[in-house]
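This briefing is for a reader meeting the structure for the first time. It takes the ligands one by one and then turns to selected strands, a helix and single residues.

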Amino acid sequence: MTAVKICLVSSEAVPYAKTGGLADVTAALASFLGSEGQDVRLFLPRYRQLETAGRTLLPVEYLQRLTLTMGGRRFAYSVWTDPGVGDGSHRYFIDCPALFHRKSLYTSDPDEHIRFAFFSRACLECCQRMGWAPDVVHCNDWHTALIPLYLKQHYSWDRLFARTRTLLAIHNIGYQGVFSAKALGDLDLEGSADLLYQEDLAADRINFLKTGLLYANGLSTVSRTYAREIQTSEYGMGLEDLLRTRADSLVGIVNGVDYGEWSPEADARIPHSYSAEDLTGKRQNKQHLLRSLDLPYDEKAPVFGLVSRLTAQKGIDLLFEPLPEMLAWRNVRLVLLGSGEGRYESFFHRLQQTFPEKVCYYRGYSEDLAHLIEAGSDVFLMPSRYEPCGLNQMYSLRYGTVPIVRKTGGLADTVQLFDPASGEGTGFVFDHYSADGVRWALSAALDCWKDQDSWRQLILNGMAKDFSWQVQGQEYLNLYRHLGGR
Ligand code: ADP
Ligand code: GLC
C-alpha cells in the first residue's frame, strides 16, 4: 500500500512544547505513523520556550526569509526542522518571533487569534513550497481549526490541494477560540462572512472551533464516550446541535500511550525501574518520592497522588470536603502537583498547612515529579467534571497506581470498577459528580488497601492493560485512508 501523506498540525508536541495531554498525543501519533512508513509531517510554532531535548534544530534551506501577509500585516518567518527524530516522522517549526516569542505558549494578548491563524496559514504555505500534497491535514483543537475554511477560501485555486481532505480532532471542547467578529479583517476572512454562523457575527463573535466543525471533512475526538457526550447539552458547551448534525462524520478514538516514555520498565525519570513480575522498585520509588518531599514513609499508609492543570474541568471542587476528612482520620499521604486557578491552589496550600506530616503540594510544572508521582503513589485521583480522554489514568494503570476516576469521557472508557469478589476491574469509578461520589471511592480504595492480596490483584489487572499506539494509531490510519479515499 502506498504511504498516506499526513500533515499533522498542532500547537503542542513533546518534547518541544507542552501544557497538557495534547502534546503527548501529537508526538506519539507522529512517531507511530512515521515508524509505520507513512509520510507524516508535524508542524509546530517555534515558541521562545521550545524544548529540543538536547537536539539541534536546523534551518530548512528553501524555507528561509519567507513572508505571509494577513489582514494587511506582513509577517516574516522561516522554517526549521529537527533532524534527530529517527522514527521516520518529520518535524517542522514555524519561526515567527513577532508572534511566538511570548511569555507563555498561550496568551491573552490582543493578537492571540492572529498567532494561530497565521500558524495555520503558514503550514499550508509550507506544503505549497514543498510541492507536497497531503492526503489529510489533521488539525487539532481551535488553534488550527480555521484550516478547512482557509483551504476552501484561499487555496482552492491550487491543484496541489485538490485531493486534500481535513480532519479536525477535538481534544477539549471547553476551549473554542472565540474572538470579536472585528477580527475577521485580521484573519483575511471578511470575504467569507457568509460562510460563518450569522448569529455569531450578529453577536460580534467568531468561533474558531465551530468554524472548523462546519468545514472539516472528518471530525474526531479522543474517546468514544466523549464523542457521545459532546452531542448533549450537558457536555457540548453550545456546540451540541452542530455536532449532532455532523454525527455521521464524528468518531471517537481513545488516545494511545507512549510506553517508551510512560512505563515503569522504560521510564528514565524514575530512580527504580520495576514491572508486574517484580514490584520491589515501586516500593523504593514510594520511599524516594516521600523522602524527596519531606514526608515520613510508612509502609502501611497509602500514597494518593494528583497531577493536573488546576481548572474547573478537573473536578477539584469535589475534593474540598472529602480530602480533609480523609486526612483527619486515616493514615494516608497525599502528593499534589499542578498549577492553575487560585481557589484550587489555595485549597492545596491549606491542606499542606493543616496536615504537614501527610500532605505535600508542589505548585508548578515538573515532568520529573509527574513521573515520580505515577511511580511512587498507590492511588491516583482524577475526579474530572469532564474528561475528553485523560492520559494520567492510563499512565497510572501501567505504573500499578490505582486510579480513582469519575465515569465520564475517556475515564469511563479506560478504567473498570474493581470488584473484590470476582477480582476483576482496574480502579474505583464513581458516577455522580458529587462529594459523596468521591467519599465512596476513597473509602472503597482504603478498604481494598487493607486486603493486600486483593490490592495486588487490582494493580496487576491495571498493569496488564494495553493502550499502546499500535492499536489506536491504526484507527487513525484507517480514518485517514477513509477520508483520503485510499
Ligand atoms: P489535559 O490535557 O486535560 O491536561 P491529560 O490527562 O490528557 O489532561 O494530560 C495531562 C498531561 O499533562 C499529563 O502528561 C500530565 O502528566 C501532564 N501534566 C499536567 N500538569 C502537570 C504539571 N503540573 N507538571 C507536569 N506535568 C503535568
Ligand atoms: C485535552 C483533554 C484530555 C485529553 C488531551 C489529549 O487537553 O482535556 O482529556 O487527554 O486533550 O487528547
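In this predicted model, a backbone N or O atom of Pro388 lies 3.5 Å from an oxygen atom of ligand 2. On its own, ligand 2 has 310 Å² of accessible area, and the protein covers 93% of it.

**The shell around ligand 2**

- Ligand 2 is surrounded by 13 residues, and the closest are His171, Asn255, Gln313, Glu387 and Gly390.
- Sorted by class, this shell holds five nonpolar, six polar and two charged residues.
- Helix α1 gives the most to the shell around ligand 2, namely three residues.

**Ligand 1**

- The shell of ligand 1 has 20 residues, with Gly21, Arg309, Lys314, Gly364 and Leu391 the closest.
- Taken alone, ligand 1 exposes 560 Å², of which the protein buries 93%.
- By class, the residues around ligand 1 are six nonpolar, nine polar and five charged.
- At least two residues of this shell come from each of α1 (21-35), β13 (303-310), β14 (333-340) and α13 (392-398).
- β13 supplies the largest share of the ligand 1 shell, with three residues.

**Strands β13 and β14**

- How much of β13 is covered? Seven of its eight residues are buried.
- β13 and β14 run parallel and are joined by eight bridges.
- Arg309, which is among the residues closest to ligand 1, has Ser339 in β14 as its bridge partner.

**Strands β1 and β2**

- Strand β1 (residues 5-9) and β2 run parallel, with five bridges between them.
- Lys5 stands opposite Asp39 in β2.
- Why is strand β2 (residues 39-45) described as largely enclosed by the rest of the structure? Seven of its seven residues are buried, so the rest of the structure largely encloses the strand.
- The side chains of β2 are divided between two directions: Asp39, Arg41, Phe43 and Pro45 point one way, while Val40, Leu42 and Leu44 point the other way, and all are buried.

**Helix α6**

- Helix α6 (residues 208-215) has six of its eight residues buried, so it too is largely enclosed by the rest of the structure.
- The buried residues of α6 are Phe208, Leu209, Lys210, Thr211, Gly212 and Leu213.
- At the start of α6, a side-chain oxygen of Asn207 comes to within 3.1 Å of the backbone nitrogen of Leu209.

**Thr144**

- Where is Thr144 found? Thr144 is in the loop between β7 (136-140) and α4 (147-154).
- Is Thr144 buried or exposed? With a relative accessible area of 0%, Thr144 is buried.
- Apart from neighbours within four places in sequence, the residues in contact with Thr144 are Val9, Ser10, Phe119, Ser120 and Cys139.

**Tyr362**

- Tyr362 belongs to strand β15 (residues 359-363).
- The relative accessible area of Tyr362 is 38%, so this residue counts as partly exposed.
- Leaving aside neighbours within four places in sequence, Tyr362 is in contact with Leu336, Leu337, Gly338 and Leu369.
- Tyr362 and Phe32 are 330 residues apart along the chain, and their C-alpha atoms are separated by 33 Å.

Definitions and conventions:
Residues numbered from 1 in each chain as written. Chains lettered and ligands numbered in written order. Predicted model: local features only at pLDDT ≥ 70, side-chain atom pairs only at ≥ 80, totals over all residues. Heavy atoms only, no water. Near = heavy atom within 4 Å. Areas by Shrake-Rupley, 256 points an atom, 1.4 Å probe, with all protein chains shown as cover. Helix = DSSP H or I, 4+ residues; strand = E, 2+ residues; numbered from the N terminus. Nonpolar A, V, L, I, M, F, W, Y, C, P; charged D, E, K, R; others polar. Buried < 20%, exposed > 50% of the residue type's maximum accessible area, 1.4 Å probe, protein only. Contact = heavy atoms within 4.5 Å. Pairing = 2+ DSSP bridges. Polar contact = N/O pair within 3.5 Å; in protein donor to acceptor, adjacent residues only side chain to side chain.
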